[in-house]
Each structure stands twice: as structure tokens, then as C-alpha cells.
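Reader: I would like to learn how to read a model feature by feature. Where do we begin?

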Amino acid sequence: MRRTILKGLLLLAALGAWMPAGSLEAQEPPDTIDVEDLNRRIEAISRELEALRLGREVAPEADSSVMGFGPAASKVYRVNEGVSIGGYGEVLYENFSDERENNTPSGKTDQFDALRAIVYVGYKFNDRLIFNSEIEFEHASTGQAGSASLEFAYLDYMITGGLGVRAGLLLSPMGFLNELHEPPVFLGTERPVTENRIIPSTWRENGIGLFGGNDQIAWRAYAMSGFDGIGGGTSNASGFSDGGLRGGRQKGSKSVAEDLGVVGRVDYVGTLGLTVGTSAYVGNSGQNRTLDSGETVDARTFIWEGHADYQAHGLELRGLFALATVDDAEQINELKGFTGSESVGETMIGWYLQAGYNVLRDVPTVHQLIPYVRFEEVNTQEDVPTGFLANPANDETIVSLGTAWKPIPQVVFKADYQIRTTEADTGVDQFNVAIGYLF
């Protein structure tokens, strides 16, 4: 389509070049035009411009996501054919208050962490078949606190322009940050707690599914390995806890597959700058474990979230609500030896609202300066089984006040202050500074 439009513009320019200055009506083009030669020249110029365009895409714009992925993760979709290389990274400094909100010592140690360094490697075989992958290095060194992981690795096959099949190690398409987690594209030095404990980002499992959409709607639906809610299986997952679902992720590593899950998402994208949608997951998490009585623990897990995001005229608004339920939480507690307030939550709730504004929007510069605020509440023990107690420290409110500076869209410097309170009066405030980039 772009090449057709370009040919038309070049043809008009070529015809205009034959017209001397003066009245259009007074001039006529030559009687004989070698249209075939003109088409050959236009085609050559088109190829040159296409090559220049692809060269510029080495540094993609920070709002150019494709198929629901971040800008750098989307690069393979924008090349004509062959290898695509991208990546992102972030460094985080955390300075903790010496005291909790109840004036007791916090016991927290300040940290300066090379949090993540990511390499995307993709290959576009043709217009129908694409491979994409993300290799993640966390905390700088596997010899210390760090790790190296495969974050996703999948094949896409396009059946039609609006329908495709995706298979491999897949990111669950829930919330914002599980798929869009490149630092320049979200506000805040740290990811929202709701999208860590209830939507356990970064959450990926082996699976297969469909994706598609049009100018109005985008959707994805997968069947995936389920959580290991009890832990101790071949994937070495630790299982669910009073702190949420995060420990149940199997990450595609020798995943126990006695129980599978299904996840789906749909978004309205028909208005420029606006995304409104919802997603849901359901699947058993017991992975065929049994109690001493011989009873099988199903541990059916359900997660639902609704979200909205608006970015236009320098304004960034975002909101998300998430709800999770876990059946057989009492049986999970029994198998894991949890007592008292250690219980896995039967119901978990989290939500946040955030807003930011680019105060340099009306200044003739590529720089962006975005003050922002985020208000968040999360409780991973909204309900617990009879006979257990909810730990009030798991009922938390976080207010983040900060600023993000982008000298270019692909690089960000962020700083914010987080006011953390809990129902147990154990919250610890902190000041954070982060550097992030994508390419």
C-alpha cells in the first residue's frame, strides 16, 4: 500500500517536472511519454526509500507496538524478511526509609541493581511465518542473585490478514505490563504491585492459541500450562502463598502439565490513543496432587481484569482492576503446611489509577518531561478459608509520585517517591531512581 501511494506521488512529481513555470492551462505535457521507463525509475526510487525506511527502524518509535507487544519486541513484524535484533534494559536504585509507619526499624537495605538486560531475537521467514524470542538476564550475574531465562519464544503463522496461530512459550495476555514491560513505555520506576502478585508478571507458559483483529478490535486466546499452586513439581515452582499467585508460575521449565489453563483477551482500539479491554484466565492448579485421604486437589484458579489506557495531547491516563479466586485454598494450605495467617487467599483484589502529563508538549523539542502519580490498592488475602487468618500486612496501599524524562522516545530516566501503608502499619516508604532503554 505504501509503495503504491509512493508511486503515485512520484508520478505526479515527474509530470510536474515537465511543466515550465507559468499557468497550468497554458502548458501541455509532451505528446509521447515513455510510461514504461518512468515506471522503472519510480520502482528504483521506491526501493531506495524502502531501504532507508528499514534502516531507521533500528531505533523504533516508543509508541510503535505490534500484536500487543512492546516496540522492541515488535521489530520482527516490521522487517521485510530475515533476522531482527532488539532489546531493552533497566537499572534501579532503591532507598528505603529507616522506619516503618509504626515507627519501628524497617530493617531494609538500600539497593542499586542492574535489574534487567534483554535481547530480542526474531526471524521473519515470509509474510506468513515469524519466529520471535526474548532472552532475559536479571540482576547482573547468575553467580550471585541473578538469573538467565527465556521470557518467550514462539512461532506465528498468519492464516489471513486478521487471523493467526501462535505456539511456543507464550506471554499470558493479561493486564498491561505482562506484554508491554519495556521501561520507556510505562510510567513508574517499578511495575504496579497488582501486576506482580495477582497478575503475576512476567507470566509465561508453554501453549498454543489464536490471535487477530481489525481496526476496531484486537484479541488473543491461548491454551497454556496451568499454575503449580502447590509447588514442588518438576518445574521447581514454589506454589501459591499469602503474597499471591506469583510462585505458581512454571515459566515453561519442565512444566507439570496434568492441569492446563485457558486465557483470553479482547481490546477496543478503534479510537486513536485509546485502549479499553478485558481478559480472563481459568484453570486447575493442583496438578493432580492428592491429600492423605486420597482426594485430588483441583485448586481451580480464576483471574479477571479490566483495563483502560488513554494517551493523547501529552496526557497519559491508565487504570486497571484485577480479581483472582482460588478454590481448595484450605487443601493447598494443608499440603504446604501453612497455618494461621500464612494462608493462600481464596479471593485477591488489586487496582490502580495513574496519570501523567508531558509538560514539554508545547515546546519545540523531542524531549518529554512527564510528572505522574499512581494510586494503588492490593490485598492478596481479601478472603481466606475458615480457620485461617488474613495478615493485615498483605492489605497494602501505595501512592507513587514521580517524574519521567525522555531525551528521546527510546530512553527514559525516572524518579519517584512511594508512600506505602498497610493495615498492619508496617509500610516502608521508599525513593527510587531508574534508567531504562529500548532499541
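**Reading pockets, patches and pairs**

Author: The second largest pocket holds about 1000 Å³ of space. Keep in mind that this is a predicted model.

Reader: How is such empty space found?

Author: Rolling a probe the size of a water molecule over the atoms shows where empty space is left. Here, 43 residues line the second largest pocket. Glu94, Glu190, Asn196, Arg197 and Arg246 lie nearest its centre. The elements giving two or more residues to this lining are S1, S2, S3, S4, helix H4 (194-197), strand S13 (368-383), strand S14 (395-408) and strand S15 (411-422).

Reader: Which element gives the most to the lining of the second largest pocket?

Author: S1 does, with four residues.

Reader: Next, the surface. Which residues make the nonpolar patch?

Author: Val83, Ile85, Val119, Tyr123, Phe125, Ile135, Phe137, Leu150, Leu155, Tyr437 and Phe439 make the patch. Its area is about 920 Å². Strand S1 (82-96), strand S2 (111-124), strand S3 (129-138) and strand S4 (147-160) each supply at least two of its residues.

Reader: Take one member. Is Phe137 buried or exposed, or something in between?

Author: Patch residues need over 30% relative accessible area. Phe137 sits in strand S3. Its relative accessible area is 42%, so Phe137 is partly exposed.

Reader: Now a contrasting case. Where is Phe69 found?

Author: Phe69 is in the loop between helix H2 (35-56) and helix H3 (75-78). Under 20% relative accessible area means buried. Phe69 has 3% relative accessibility, so this residue counts as buried.

Reader: What does Phe69 touch?

Author: Leave out residues up to four places away in sequence. Phe69 then touches Ser74, Tyr77, Tyr154, Arg166, Leu171, Glu179 and Leu180. There is also a distance to note. Phe69 and Phe176 are 107 residues apart along the chain, yet 9.8 Å separates their C-alpha atoms.

Reader: Arg166 is on that contact list. Which side chain does Arg166 meet in a salt bridge?

Author: Asp156, at 2.7 Å from N to O. This pair links distant parts of the chain, ten residues apart: Arg166 is in strand S5 (residues 163-171) and Asp156 in strand S4. Arg166 is buried, because its relative accessible area is 1%. Asp156 is buried too, also with a relative accessible area of 1%.

Reader: How many salt bridges does the structure hold?

Author: There are 14. Another one joins Glu138 and Arg116, whose closest N and O atoms are 3.6 Å apart. Glu138 lies in strand S3 and Arg116 in strand S2, so the pair ties together parts 22 residues apart in sequence. Arg116 counts as buried, because its relative accessibility is 14%.

Reader: What about a salt bridge with an exposed member?

Author: Look at Asp362 and Arg361, whose side chains meet at 3.4 Å, N to O. Asp362 is exposed, with a relative accessible area of 65%. Arg361 is partly exposed, at 38%. Salt bridges can also share partners. Glu90, Arg116, Glu136 and Glu138 are joined into one network this way.

Reader: On to helices. How do I read which side faces where?

Author: An α-helix has 3.6 residues a turn, so residues three or four places apart point the same way.

Reader: Where does His313 lie, and what is its phi?

Author: His313 is in the loop between strand S10 (300-312) and S11. Its phi is near 55 degrees, again positive in a residue other than glycine. His313 counts as exposed, because its relative accessibility is 57%.

Reader: And omega? Which peptide bond is cis?

Author: The bond from Ser201 to Thr202, with omega near -5 degrees. Thr202 is placed in the loop between H4 and strand S6 (204-213).

Technical notes: Residues are numbered from 1 along each chain as its sequence is written. This is a predicted model: local features need pLDDT of at least 70, side-chain atom pairs count only at pLDDT 80 or more; totals for chains, interfaces and linings use all residues. Side-chain values use heavy atoms; hydrogens and water are left out. Patches are made of residues with over 30% relative accessible area and no salt bridge: like charges are joined within 9 Å, nonpolar side chains (Val, Leu, Ile, Met, Phe, Trp, Tyr) within 5 Å. Accessible areas come from the Shrake-Rupley method with a 1.4 Å probe; for residues, only the protein chains shown count as cover. A salt bridge is a side-chain nitrogen of Lys or Arg within 4 Å of a carboxyl oxygen of Asp or Glu. Buried means under 20% relative accessible area, exposed over 50%, partly exposed in between (1.4 Å probe, protein chains only). Contact means heavy atoms within 4.5 Å. On a 1 Å grid over the protein atoms alone, a cavity is a set of points where a 1.4 Å probe fits but cannot get out, and a pocket is an open set with protein on both sides within 12 Å along at least five of seven lines; lining residues have an atom within 4 Å of a point. Grid points are joined across faces, edges and corners, and a volume is the space filled by probe spheres set on the points.
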